[in-house]
Amino acid sequence: MTADLILRTENLTRRFAGFTALNDVSVGFERGKLTAIIGPNGAGKSTFFNLLSGTFPPSEGRVVFEQRDLSGLKQHEFAHVGVSKSFQITNIFPAFSVLENVRIALQARVGRLNFWSRRAALALDDRARELLALVGLGAHTRRTARELAHGQQRALEIAIALAADPKLLLMDEPTAGMSPEETRSMMDLIVQLAAERTVVLVEHKMKMVMGISDRIVVLHHGELLATGKPDDIRANDEVKRVYLGQH
Ligand SMILES: Nc1ncnc2c1ncn2[C@@H]1O[C@H](COP(=O)(O)OP(=O)(O)OP(=O)(O)O)[C@@H](O)[C@H]1O
């Protein structure tokens, strides 16, 4: 049986001034699954993420989402085709309330026309509250975004990414800089989100994603080292060798 792939890369390559950060990576991502892209420092994970999310174009090869070649698509067009991302860097309006931050993201999606109808505005508020409840911020809707703890700001970014109702959610090191407690609740949230949509996340810490991912993609020196189920990856000698001494 062939897997139902929502996203695949074909010979994806990215060079920076002659240095090849990602080399000839062809890999598929299954629909409805949680896939983690892992690899040691400098493996090419961020480069891969930025190519998947359209931050910059490949030097060679292509990214295909639902049979559509995304090459040449502008950054904002990714959300329109169903791909949203949550960044490592915060992407929120710090002076606005938590609710407003999500409402603005929802507004961007429905367009200007509906904005002046009171009913439409209330529907947006309801949806924003729903998304905030989903990410665990239901009790914080009126606070300004800058008042939130780091982990809560990351959760807010996710609510903003979900406002586009993506088929595919891309996350770059979602637990970076988090306390152990924040990390645990973020992992729970990721599992919950992955139950309803395809999630691809980049993560430096291998142990953390092993327990929650359906599939793992391992990069090393910009190349695809292995791909498979967590158990296969754990047992893979090359992966063990690459990670030895790292943790
Ligand atoms: N804009 C750039 N210009 C030049 N070299 C770059 C650029 N971006 C990345 N690189 C190089 O490409 C390689 C892969 O970097 P990348 O950030 O993709 O790795 P990574 O796996 O995300 O690493 P880390 O876990 O340390 O974040 C590194 O050697 C890096 O120095």
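This is a predicted model: local features need pLDDT of at least 70, side-chain atom pairs count only at pLDDT 80 or more; totals for chains, interfaces and linings use all residues.
## Helix α6 and its packing

The buried residues are M186, I190, L193 and A194. Seen down the helix axis, the buried residues of α6 fall within an arc of 90°, so they line one face of the helix. The face turned away from that buried side carries exposed residues: P180, E181, D188 and Q192.

Helix α6 covers residues 180-194, 15 residues in total. From its first C-alpha to its last it reaches 21 Å. That is close to the 21 Å expected at 1.5 Å a residue.

β3 is mostly covered, with five of its five residues buried. In a regular strand the side chains alternate between the two faces of the sheet. Both faces of β3 are covered. L34, A36 and I38 lie on one side, T35 and I37 on the other, and all are buried.

β8 is also mostly covered: five of its five residues are buried. T198, V200 and V202 point one way from β8. V199 and L201 point the other way. All of these residues are buried.

## Parallel pairing around β3 and β8

β3 pairs with β8 in the parallel sense, over four bridges. Within this pairing, A36 has L201 of β8 as its bridge partner. T35 stands opposite V200, again in β8.

β3 is also joined to strand β9 (residues 215-220). Here too the strands run parallel, with four bridges. I37 stands opposite V217 in β9. β8, for its part, is joined to β7 by five bridges, and these two strands run parallel. L168 has T198 of β8 as its bridge partner.

## The antiparallel sheet

Four strands form an open sheet in the order β2-β1-β4-β5. The pairing is antiparallel. β2 and β5 (68-69) are the edge strands, each pairing on one side only.

Strand β1 (residues 5-16) is joined to β2 by eight bridges, and the two run antiparallel. R15 has T20 of β2 as its bridge partner. G28 has its place in strand β2. G28 is partly exposed, with 19 other C-beta atoms within 10 Å. Leaving aside residues up to four places away in sequence, G28 touches A3, L5 and R8. G28 and R8 are 20 residues apart in sequence, yet 4.2 Å apart in space, C-alpha to C-alpha.

## Loop residues with positive phi

A17 lies in the loop between β1 and β2. A17 has a positive phi of about 45°, although it is not a glycine. A17 is exposed, with 4 other C-beta atoms within 10 Å.

D165 lies in the loop between α5 and β7. Its phi is near 50°, a positive value in a residue other than glycine. D165 is partly exposed, with 14 other C-beta atoms within 10 Å.

## The shell around the ligand

The ligand is surrounded by F16, F19, A21, G39, N41, G42, A43, G44, K45, S46, T47 and H204. Two elements give two or more residues to this shell: β2 (19-30) and α1 (45-52). The largest share, three residues, comes from α1. By residue type, the shell divides into four nonpolar, seven polar and one charged.

Technical notes: Residues are numbered from 1 along each chain as its sequence is written. A residue is near a molecule or strand if its C-beta atom, placed from the backbone, lies within 6 Å of it. Ala, Val, Leu, Ile, Met, Phe, Trp, Tyr, Cys and Pro count as nonpolar, Asp, Glu, Lys and Arg as charged, and the others, Gly among them, as polar. The expected span of a helix is 1.5 Å times one less than its number of residues. A residue is buried if 20 or more other C-beta atoms lie within 10 Å of its own, exposed if 12 or fewer, and partly exposed in between; C-beta atoms are placed from the backbone. The arc is that of the directions from the helix axis to the C-beta atoms. Two strands pair if DSSP finds at least two bridges between them. Two residues are in contact if their C-beta atoms, placed from the backbone, lie within 7 Å.
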